[in-house]
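Biologist: Could you walk me through some of the helices in this model, and a few of the residues around them?

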Amino acid sequence: MVTLAEKVDRPAELAAARTDESAVSAGRIMRTFRTRAYLSKAGHIRFDEVLRQQALLYNAALEERSTAWKRHQKSISCFDQSKSLTQVRADFPDFERAIDRRVQVGTLKRLDKAYQAFIRRLKGGEAPGHPRFKSSLRWKTLEIYSGASRYVRYDAERGKGVVRIKGLPLLRFKDKRLPEGIQPLEIRISRRPNGVYLCLMFDHLRAKPVVEVPEAPVGINAGLSGVRWALSDGTLIDRRRQDNKRKRRLQRKIARQRLGSNSRRKTVSLLGKLSDREKVRNRNELHRFAARLIEKYDHFVVEDLDIKGLAASAKGTVEEPGTGVRRKAAINRGMLEQNWGEFAQMLEYKAEGAGIKLVRVDPSHTSLTCSACGVVKEVTTDRERFATRYRCSSCGAYSLATVNAARNILARGLALSTPSAGESVIAGRASVHEPKSGLPDLRPENHTPLRTDDTAPT
């Protein structure tokens, strides 16, 4: 068993090639940097006031569009409402001096996005879901889509910067990750339970050259039982086990409190902070793990999972009610806690920036196919289908089921990337070492390091 840092160390020559600054760029990529903003006490009050004003503007624009269509069958575009906003600001100078126009245009564009999604669902035969009015208490974000470069001042040496927008409080931030010498195209300012956060979007960054012939490919399988992910080289990542005791305690407390009371409002705030803190902690762990995978491997193959289908409810319909509904709901919660989809998306954009290919493959029958000889195992029961160990009845190869599936995933991905490659160069086609003592012990901690299984049955 090894630590995460020890497991993901790459050979020196591969690491040097990855960090070569003289490499020719492969194209532009878009990246959004999220950092915390620091406001004064008066600044927080002013920011909340601006949020309420934008919620009122959103509702007024929605009312205008809905009324025009219901009474006159007239469609109002975002461009029309932007011109009306310009006229209103010209007629009321105090209103014009109160806040920057781009903040209000960002609110109108947000409504336009909601209408575009509504029309797309309507044409696609889905549940349309007409845009609804927004409560000022639930309006948490301001968006600026154009002219964002004039608002940001950043000192790369100190790693500090400020955002100055007319009508908004001064936003200070500290972050040394931001690219030097270029300005963001978009700004998003969000009120989170634990503070105010800035999202700065850049599109001037350049990706590194794509690795054409991978030297260290890896397949990644979303594991079951006590495994969160399994890599084709035998590395296992323990299942994430979130402790929800305090969360459930706060939820029960909220259920006992009177609606609209100050005590209930405080408890709701505590619950929001707890959930947001756990979300940030988990996302940071995913970032660290994905970054270390980028340092070691130069080709990724992941499953193209249908997370929505996997986590579907089992309650069925009134005519045909489902069975085991509560058990399936518990399985769904445990499955969603693993963040398989978020990790795959995170690894994909990190690989894009590093010039590494990421391939998504169909995961069907990967857990039932022998990675050594290619024979598909026939199963008749769920116990055999979801067994933690895999033994091939044809060649006798023995390994963990998740590792065997990861090797099959890698083989499929390499076959798609290099159709002419022979089986001898496909990882996982070689003979498998016999485990000695089955699965290793699974630790119940929420955040645990990588580990490797190299044991065999006696």
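Biologist: To start, how many residues does helix H11 have, and how far does H11 reach from its first C-alpha to its last?

Modeller: Helix H11 (residues 340–354) has 15 residues and reaches 21 Å from its first C-alpha to its last, close to the 21 Å expected at 1.5 Å a residue, where the expected span is 1.5 Å times one less than the number of residues. Helices (H or I, at least four residues) and strands (E, at least two) are DSSP runs, numbered from the N terminus. This is a predicted model, in which local features need pLDDT of at least 70 and side-chain atom pairs count only at pLDDT 80 or more, while totals for chains, interfaces and linings use all residues. Residues are numbered from 1 along each chain as its sequence is written, and side-chain values use heavy atoms, with hydrogens and water left out.

Biologist: Which residues of H11 are buried?

Modeller: Those are Trp340, Phe343, Ala344, Met346, Leu347, Ala351, Gly353 and Ala354, where buried means under 20% relative accessible area, exposed over 50% and partly exposed in between, with a 1.4 Å probe and protein chains only.

Biologist: And what sits on either side of H11?

Modeller: Gly355 follows H11 and has a positive phi, near 75°. In the loop between helix H10 (325–336) and H11 there is Asn339, whose phi is near 55°, a positive value in a residue other than glycine; Asn339 counts as buried, at 16% relative accessibility.

Biologist: What about His365, is that one buried or exposed?

Modeller: His365 counts as exposed, because its relative accessibility is 51%. It is placed in the loop between strand E12 (357–361) and helix H12 (382–385), and its phi, near 65°, is positive in a residue other than glycine.

Biologist: Changing topic, how do H3 and H6 pack?

Modeller: They pack at an angle of about 45°, with their axes 10 Å apart; axes here are lines fitted to C-alpha atoms, for helices over the stretch in contact, and angles run from 0 to 180 degrees between N-to-C directions. H3 and H6 are therefore oblique to each other, given that angles under 35 degrees count as roughly parallel, over 145 as roughly antiparallel, 65 to 115 as roughly perpendicular and the rest as oblique.

Biologist: Which residues meet there?

Modeller: On the H3 side they are Gln54, Leu57, Tyr58, Ala61, Leu62, Arg65 and Ser66, and these meet Val103, Gln104, Thr107, Leu108, Arg110, Leu111, Asp112, Ala114 and Tyr115 in H6, contact being heavy atoms within 4.5 Å.

Biologist: What else covers the buried residues of H6?

Modeller: Besides helix H3 (41–72), the cover includes helix H4 (78–91), helix H5 (93–98) and strand E2 (141–144). Among the buried residues of H6 are Val103, Gly106, Leu108, Asp112 and Phe118.

Biologist: What does Arg101 touch?

Modeller: Not counting residues up to four places away in sequence, Arg101 touches Ser82, Leu85, Thr86 and Arg89. Arg101 is in helix H6 and is partly exposed, with a relative accessible area of 31%, and its C-alpha atom is separated by 9.5 Å from that of Ser82, 19 residues apart along the chain.

Biologist: Last one, at what angle do H7 and H8 cross?

Modeller: The axes of helix H7 (residues 245–256) and helix H8 (residues 262–296) cross at roughly 160° and come within 10 Å, which makes H7 roughly antiparallel to H8.
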